[in-house]
Amino acid sequence: MVVNQFSNIEKVDWMFCNTFYKLEDKGEILNIEEEDNDDLDVLYAATRRSEGFSEGRLRRHRGSVPGHGTVNRGRVEGHERLYRDYFAIPCVYESFFRRRFRMSRPLFLRIVNEVEQYDPYFIQRTDAVGVLGLSSLQKITAAYRILAYGTPADSVDEYIRIGESTAIESLRRFVKAVIAMFGDHYLRSPNNIDIARLLQTGEQRGFPGMLGSIDCMHWKWKNCPTAWQGMYTSHCHEPTIILEAVASQDLWIWHAFFGLPGSLNDINVLDRSPVFTLLANGHAPPVNYIINGHEYRMGYYLADGIYPNWSTFVKTIPCPQGLKKKHFAKAQESARKDVERAFGVLQARFAIVRGPARFWDEETLADIMKACIIMHNMVIEDEGDVGNNDFDGSDANPHVEVSHAYTPELEDFMQTHYQIRDSVTHSQLQSDLIEHLWERHGN
């Protein structure tokens with residue numbers, strides 16, 4: 001592969017050089033007579049040219065680059081200042097930590113410890129000349145401030161004393177570490193305990209069987225490649241990437257599906273979404289409830305008018321006629337705002353998902369969105385009354401046994417698939433909820 005990049009003269013020099021070194025490594029002596037001095041000169045010149053060429057190539061990858069200026073940022077002083085300001089006991093900005101870091105200090109230090117254990121990149125080390133590098137607090141704080149404030153990477157250099165390229169690399173590694181260490185817990189589907197709590201909350205709000213509300217959010221992609229802009233341009237006439245999410249009343253985000261182009265609408269996203277995959281495969285926890293004398297076996301999400309008439313969605317009435325339907329529409333639209341509030345709080349905590357995305361690759365944008373959602377749920381658990389500390393991870397990746405014999409799973413899957421999309425059940429459920437809410441309102 002390397003030889004193909006050389007010119008014809010360099011190829012000849014390279015072959016001469018390889019022959020010379022192979023004979024030298026084997027301990028063989030070249031017997032060159034006096035009349036072969038010209039051949040010796042050619043071989044020596046080729047060797048010198050090859051060594052100079054290789055040295056020039058390697059110099060771009062190792063050591064200092066000639067003419068490349070270095071900036072003495074004062075890394076140690078930057079770490080000491082950062083530690084005194086926010087992490088010492090007592091620190092300078094004790095009362096400002098929650099506002100500037102969007103979370104409590106114990107929670108932030110927990111994330112720092114887990115990320116440092118996962119990725120050795122964040123461990124403070126010395127370079128080749130024995131100079132201390134950046135500390136884990138500097139790298140993680142720089143990455144976190146880019147997420148929280150949505151600022152460019154070079155804006156954290158003045159205070160934290162970290163270069164732009166190092167800040168970007170720290171950000172990429174930080175979001176991957178957060179997903180790897182906390183994703184199974186804080187970005188999971190509801191388990192049995194979560195389902196019971198969500199059903200209880202829905203019953204108290206007048207919606208038995210409700211598991212949350214669903215909607216989509218668009219994130220502008222400023223640096224979308226030109227060739228993809230037509231596919232990603234949305235109704236706002238700018239390239240965007242779509243996030244589909246399910247949120248509950250406490251603003252916990254239970255489902256996040258991110259990465260589809262902004263030209264799709266909510267129905268197109270739903271067709272590609274795995275939101276009902278566990279339910280269709282029979283792996284979702286059971287949900288049983290009775291409304292107005294009718295028994296139902298599937299939970300539902302509150303949705304807006306664009307979603308289809310499925311048994312797993314409860315939508316509002318566009319032009320309600322009568323007091324019952326008007327009261328139902330008011331209650332449904334009020335409860336459905338949970339997902340809208342979750343989007344607003346997510347964007348307020350992490351301004352990077354509110355402004356235009358500056359990265360070029362979709363993988364980094366997906367990691368950033370997932371990491372922000374995970375830390376959003378961590379803050380809710382840390383500051384709210386969320387009873388989900390019982391998660392042990394045993395049902396996060398259920399064991400699947402492969403069977404080659406005939407099984408009725410396919411028939412069950414098809415039956416569940418049609419039950420999810422049953423419009424008759426959707427209409428019946430809506431009618432029962434109208435009567436239930438009106439009776440509850442009257443009482």
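## Start at the surface

Select L410, M414 and Y418: together they make a nonpolar patch on the surface, with about 340 Å² of accessible area between them. Keep in mind as you click around that this is a predicted model.

Now zoom in on M414, which belongs to helix α16, residues 409–420. Is M414 buried, partly exposed or exposed? Its relative accessibility is 33%, and since partly exposed covers the range between under 20% (buried) and over 50% (exposed), M414 counts as partly exposed.

## On to the rings

Next, colour the aromatics. Searching the whole structure turns up 28 aromatic pairs. One to pick out is Y289 with Y300, an edge-to-face pair at 6.1 Å centre to centre, with 65° between the planes. Show the strands too: Y289 sits in β4 (residues 289–291) and Y300 in β6 (residues 300–303), so this pair ties together parts that are eleven residues apart in sequence. Both Y289 and Y300 are buried, so hide any surface you've drawn if you want to see them.

Then select Y86, F87, Y93, F96, F97, F101, F108, Y144 and F350 in one go: these residues form one aromatic cluster.

## Last stop: charges over rings

Where does R102 lie relative to Y149? Show both side chains and you'll find R102 over the face of Y149, 4.8 Å from the ring centre.

Finish with K139 and Y121: here the charged end of K139 sits over the Y121 ring, at 4.0 Å from its centre.

Key. Residues numbered from 1 in each chain as written. Predicted model: local features only at pLDDT ≥ 70, side-chain atom pairs only at ≥ 80, totals over all residues. Heavy atoms only, no water. Patch = residues over 30% accessible without salt bridge, like charges linked within 9 Å, V, L, I, M, F, W, Y side chains within 5 Å. Areas by Shrake-Rupley, 256 points an atom, 1.4 Å probe, with all protein chains shown as cover. Salt bridge = Lys/Arg side-chain N within 4 Å of Asp/Glu carboxyl O. Helix = DSSP H or I, 4+ residues; strand = E, 2+ residues; numbered from the N terminus. Buried < 20%, exposed > 50% of the residue type's maximum accessible area, 1.4 Å probe, protein only. Phe/Tyr/Trp six-rings, centres within 6.5 Å; stacked < 30°, edge-to-face > 60°. Lys NZ or Arg CZ within 6 Å of the ring centre and 35° of its normal.
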